[in-house]
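Q: Please take a close look at a single part of this structure. Walk me through how that part is built and what surrounds it.

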Amino acid sequence: RRRGGPGGRGPAAPAARRAVVESPVVYYADVDPDVANHLRGTALPGDLYRLTGLRTERRAEGVLLVDTTRLSVEQFPGAGSVAQAAVLLTVEMADRVVDPDGRRVKRMPAPDPRARQRDLIGQIDAGLPTGGITISADAEPGPHGDVEPTGLPQPAAGPAEPDETRYPFITDSFLRDATAGILARYGSAFGAAWHADPERLRTGAIALLHRFGAVIPVPGGVLVRPLTGRYRNTVAQIRRRALF
């Protein structure tokens, strides 16, 4: 089977193009090595420009398509209170990660996105009826102590996992304080409803950042992904709400 190299047209090439078009940002660590290889190659920017008319931006960690023509249904940065709060929280998080005077930020591995599916498959397999299935005498015990039925297809061994990537961990308490500070600094830029419920503003902003691949929500906070660094030196200009 032919594999897609950096300039090839194997199965990795369309997979790479589709990933960049469908996702706000594609990290090399999140895709198969063949796809990552093509994302790093010279053919991708030209292919995507011919397909979409848009330019790609590549950094050490991944690739994004810069939507200068507003083709996407949702944009970041964007308009609206939640989007504005998201940009401001992004700046706060980026500054916190590199703050030389603050406490060192803890780094954690991202949860495996395939773990939930594996757990679901295990639960389904555990509920399979045993009637009519022949169990061999030398069958090995399953993960829960049950005997695994023979004759059923077994999952193939996957490729070796890459070195674990760890991301800066920002706590919920920091995000709550940062949201309160944003509301205090920008006052009338946010409506009374947001001032009355800053937690809803915070959770909405984090959900938006998650959709755009800037953070990964985890218990107790978020993991900051490399896209956040793109906005490290952003100077926010908030459009103030009209009083009348």
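A: Start with helix 8, residues 198-211. At 1.5 Å a residue, its 14 residues should span 20 Å, and the end C-alpha atoms are 20 Å apart, which agrees. That expected span is 1.5 Å times one less than the number of residues. Helices here are DSSP runs of H or I with at least four residues, strands are runs of E with at least two, and both are numbered from the N terminus.

The model is predicted: local features need pLDDT of at least 70, side-chain atom pairs count only at pLDDT 80 or more, and totals for chains, interfaces and linings use all residues. Residues are numbered from 1 along each chain as its sequence is written, and side-chain values use heavy atoms, with hydrogens and water left out.

Now the buried side. L201, R202, A205, I206, L208 and L209 are the buried residues of helix 8. They cover an arc of only 160° around the axis, which puts them on the same side of helix 8. The arc is taken from the directions that lead from the helix axis to the C-beta atoms. Buried means under 20% relative accessible area, exposed means over 50%, and partly exposed lies in between (1.4 Å probe, protein chains only).

What covers these residues? The cover includes helix 4 (81-98), helix 6 (172-186) and helix 7 (192-196). Strand 6 (215-218) and strand 7 (221-224) are also included. Just after helix 8, G213 takes a positive phi of about 75°.

Next come the charged pairs. A salt bridge is a side-chain nitrogen of Lys or Arg within 4 Å of a carboxyl oxygen of Asp or Glu. The structure holds 10 of these salt bridges. One of them joins E199 to R176, with the closest N and O atoms 3.3 Å apart. E199 lies in helix 8 and R176 in helix 6, so the pair ties together parts that are 23 residues apart in sequence. E199 is partly exposed at 29% relative accessibility. R176 is partly exposed too, with a relative accessible area of 41%.

This pair belongs to a network. Salt bridges link D172, R176, E199 and R202. R202 is also among the buried residues of helix 8.

Another salt bridge is formed by the side chains of D197 and R200, at 3.6 Å from N to O. D197 is partly exposed at 31% relative accessibility. R200 is partly exposed, with a relative accessible area of 41%.

E92 forms a salt bridge with R185, the closest N and O atoms being 3.0 Å apart. E92 lies in helix 4 and R185 in helix 6, so this pair ties together parts that are 93 residues apart in sequence. E92 is partly exposed, with a relative accessible area of 23%. R185 counts as partly exposed at 47% relative accessibility.

Terms used: Contact means heavy atoms within 4.5 Å.
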